[in-house]
Amino acid sequence: MLRPSLKRADVERDFSGLEEEVAGFITEAMRDTADEVKNAFRDQVRAAGLGDRLANAVRGVTYPNRSGRVSLDPTGWVYAQPSKDGRGAAAIIDSYANGRMIVARNGRKFLAVPTDDCPRKRSGNALTPEEVEAKFGRRLQFISPNDKGFKTPSVRHKAIGYLVLKGLVIRKASGTWRNASEREREGRTRNPRPVQAVIMFSLVRSVRKPKSVDMSAPAALAEQRFDANLNARWR
């Protein structure tokens, strides 16, 4: 008959090693889950048309977060970066999750909403009115919606007024607008293109953001994926 003899120190050592191994599986599963939730949240922000910059502001971290540290009770945190003035990524994403009403700030009466004809930055965001004026080297003009004589290729949306640049021609290669040359304005070119007035911004008193981000989806995904990730890590 074989009767193994284990001392108390041996038992504590063996179970301590087992506990460390299990904690490693659970911590790695939490890290995998946090990464999946972060990436899914980023995809949702992109799908809402909010761009890569805002999507990349969504971060994920797992605690304990020091290299080599594990826990039987780890925590995953997926968040958007806040800011001191309350206008950072967290506030922007929250506004699209709750459908917030946006009104003009800093004493302004109207919001300038960019049209499809407004130039874009490399990030995909539209230029501001000040940036449009700097780009074209002249001031935007106010046009009343009651001005029946105003003709434009731009799509008119319901607004209190419009900020317009006159004397533009479209580039054939890129489809973007540029200032017409003097010869083009006078119609003295071989292949004349129409010189037009283009709406860059519609002026409104307020606008409500659509609810295009679902804050409950990441939490639901975390619950679905943790068990699967733990099974994948367990060996």
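This briefing describes a predicted protein model, topic by topic. Because the model is predicted, local features need pLDDT of at least 70 and side-chain atom pairs count only at pLDDT 80 or more, while totals for chains, interfaces and linings use all residues. Residues are numbered from 1 along each chain as its sequence is written, and side-chain values use heavy atoms, with hydrogens and water left out.

**Confidence**

- The mean pLDDT of the protein chain, where pLDDT is the predictor's confidence in each residue from 0 to 100, is 83, and 89% of the residues reach 70 or more.
- Among helices and strands, which are DSSP runs numbered from the N terminus (helices are H or I with at least four residues, strands are E with at least two), confidence is highest in helix 4 (residues 129-136), at a mean of 95, and lowest in strand 3 (residues 101-103), at 72.
- Over residues 1-15 the pLDDT stays under 50, and the model has 1 contact (heavy atoms within 4.5 Å) beyond four places in sequence for this stretch.
- Where pLDDT is low, the predicted coordinates should not be read in detail.

**Strand 8 and its partners**

- Strand 8 (residues 196-204) is largely enclosed by the rest of the structure, because 8 of its 9 residues are buried; buried means under 20% relative accessible area, exposed means over 50%, and partly exposed lies in between, with a 1.4 Å probe and protein chains only.
- Strand 6 (residues 161-170) runs antiparallel to strand 8 and is joined to it by 6 bridges, and two strands count as paired if DSSP finds at least two bridges between them.
- Within strand 8, Phe201 stands opposite Leu163.
- Strand 4 (residues 111-114) also pairs with strand 8 in the antiparallel sense, over 4 bridges, and Val204 in strand 8 is the bridge partner of Leu111.
- Ala112, which lies in strand 4, counts as partly exposed at 31% relative accessibility.
- Leaving aside residues up to four places away in sequence, Ala112 touches Pro129, Phe201, Ser202 and Leu203, and the C-alpha atoms of Ala112 and Ser202 are 5.7 Å apart although the two residues are 90 residues apart in sequence.

**Helix 1 and the second largest pocket**

- The second largest pocket holds about 180 Å³ of space, and helix 1 (8-47), strand 2 (75-80) and helix 6 (216-233) are the elements that give two or more residues to its lining.
- A pocket is an open set of points on a 1 Å grid over the protein atoms alone, where a 1.4 Å probe fits, with protein on both sides within 12 Å along at least five of seven lines, and lining residues have an atom within 4 Å of a point.
- Grid points are joined across faces, edges and corners, and the volume is the space filled by probe spheres set on the points.
- Helix 1 gives the most to this lining, with 5 residues, and the residues that line the pocket include Met30, Trp77 and Met215.
- Ile26, also placed in helix 1, is buried with a relative accessible area of 14%, and it touches Ser71, Leu72, Pro74, Phe226 and Leu230, not counting residues up to four places away in sequence.

**Two local backbone features**

- Tyr63 and Pro64 are joined by a cis peptide bond with omega of about 5°, and Pro64 is found in the loop between strand 1 (58-63) and strand 2.
- Gly99, which follows helix 3, has a positive phi near 65°.
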